[in-house]
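Visitor: I'm new to this one, so could you walk me through its aromatic rings?

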Amino acid sequence: MCGIVGIFGTPQASKEAYQALLMLQHRGQDSAGILSSEAHPGKFHLHKNSGQVSQVFEKKDLDRLRGMSAIGHTRYSTIGENKDSDLQPMALSLPVGLAMVHNGNVSNYHEVRNKLLSTQRFFMSDNDVEMILHLMAESYSRTSSEKKIFDRLCDSVKTVLNEVEGGYSVVGLLGSDGMFAFRDPHGLRPLVLGKKKDDSGKMLYCLTSETCALKFLGYEVERDIRAGEVIWIDQDGRVQTRMLMEKKALPCMFEWIYFSGADSTLENKNVYEVRLKLGESLSLQIPKNLNIDVVAPVPDTSRPAAIALAEKLKVPFREVLIKNRYVQRSFITSGQDKRQLAVGLKFSVIDELVKGKNVLLVDDSIVRGTTSRKIIELLKQHGAGKIYFASTCPPVIHPCYYGIDFPSSEELIAYGRTPEQVSDFLGADGVFYSTMDDLTQALKGTSFCNACLSGDYPYPVREGVAHES
């Protein structure tokens, strides 16, 4: 899972891309990068490095990223180490000037890559976006130069949609001709369009992962890019769109549960409101005979659900865990050892609120159980009585192949375990989950991918899908 942005039509494009990435930092903390396009002398300018957004860029770096358009990326590495060769954005100069950022994961990566290798293509990374770059560039170069640019672009994007399986959103630059974007045929990964006018009345555009970035930059939220749709903004600011493939839209439910900012709206569903609804319905899963003194969130994403649950149970809501703001989100920290270290550094406890109290902890999900188990141990060390644990997400029992870092069932605490067994493993006095019906009601009117809950995958499961993205 990553955060992406494209800014079009302003000499401040790179600076706005930087600000957008700061707003998307919660989507990935491994690395960041920005690429700009300068029409004269016809150059891409690029700066990227490992680290958080504010660590990667200084003012002098942004000043060098000249041009009227820019694309940016903040990365969460789903598999393995964070290698410099896999950092985004990425670009090609031949056979056509093409630059790109991408959020998601290609599930048939090895199959498509091997096909490209057979045509003498060489790669510098193990990243999905480089493979998509090669595929698009090759397809674009084969189209007739007599066709209009948008038609050639649509042909090359359709090649990607036909051949590349998985969840992905892409924003790219076609030299200095314009900016394009598209989503996979099921729309698993989010992408939204915004617009605003500058002081002269000229229309500027922003394409990004979440509406929170649009609102911060002063862009009006126009709409979500549809699943299987391509959008093209030419150098004169004209916008063209085309539906290239129509399949059932299945945005990832984890966006509302965990990844997206609470102030974002995806597919016309506000994230905060969805989390409130999940908390309300989760209250029905809590046995009425439990003696609960306080309801407490595991900061930060579960806070709205915990508030709603506490209101329904008529139990005091308290912030018993104080989060260290300078530690990464433990779920998206790369590697299990790093996650365990992050949990230990991440929280401190307010003793007066937990000593001798029975606490109902609310979290967005229980994936591996690392964070949950450590928090329960921490509360017990500080004198808590009984500790119950409630999850707004139903049990996660299947791998995700589309951009979330749980590639095997064996890593998942709920796989092959009953809630009672999960509770024993965590050291809790009880574990409670939302149901699939609860999730469906919270997202009422929106179809969603629930493959990690049900095993019902929108694409065929391939062997050896684990790779960098």
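Guide: Rings of Phe, Tyr and Trp (its six-membered ring) pair if their centres lie within 6.5 Å, and planes under 30 degrees apart count as stacked, over 60 as edge-to-face and the rest as tilted. This is a predicted model, where local features need pLDDT of at least 70, side-chain atom pairs count only at pLDDT 80 or more, and totals for chains, interfaces and linings use all residues. Residues are numbered from 1 along each chain as its sequence is written, and side-chain values use heavy atoms, with hydrogens and water left out.

Visitor: Which residues form one aromatic cluster?
Guide: One aromatic cluster is made up of Tyr76, Phe254, Tyr258 and Phe259.

Visitor: And how many aromatic pairs are there in the whole structure?
Guide: The search of the whole structure gives 11 aromatic pairs. One of them is the stacked pair of Phe180 and Phe182, with 6.4 Å centre to centre and 10 degrees between the planes.

Visitor: Is Phe180 buried or exposed?
Guide: Phe180 counts as buried because its relative accessibility is 0%, where buried means under 20% relative accessible area, exposed over 50% and partly exposed in between (1.4 Å probe, protein chains only). Phe182 is likewise buried, at 0% relative accessibility.

Visitor: What about Tyr388 and Phe432?
Guide: Tyr388 and Phe432 form a tilted pair, 6.4 Å centre to centre with 35 degrees between the planes, and both residues are buried.

Visitor: Switching topic, which charged end sits over the ring of Phe425?
Guide: That of Arg417 does, 4.7 Å from the ring centre, and Arg373 also lies over the face of Phe425, at 4.4 Å from the centre. A charge sits over a ring if NZ of Lys or CZ of Arg is within 6 Å of the ring centre and within 35 degrees of the ring normal.
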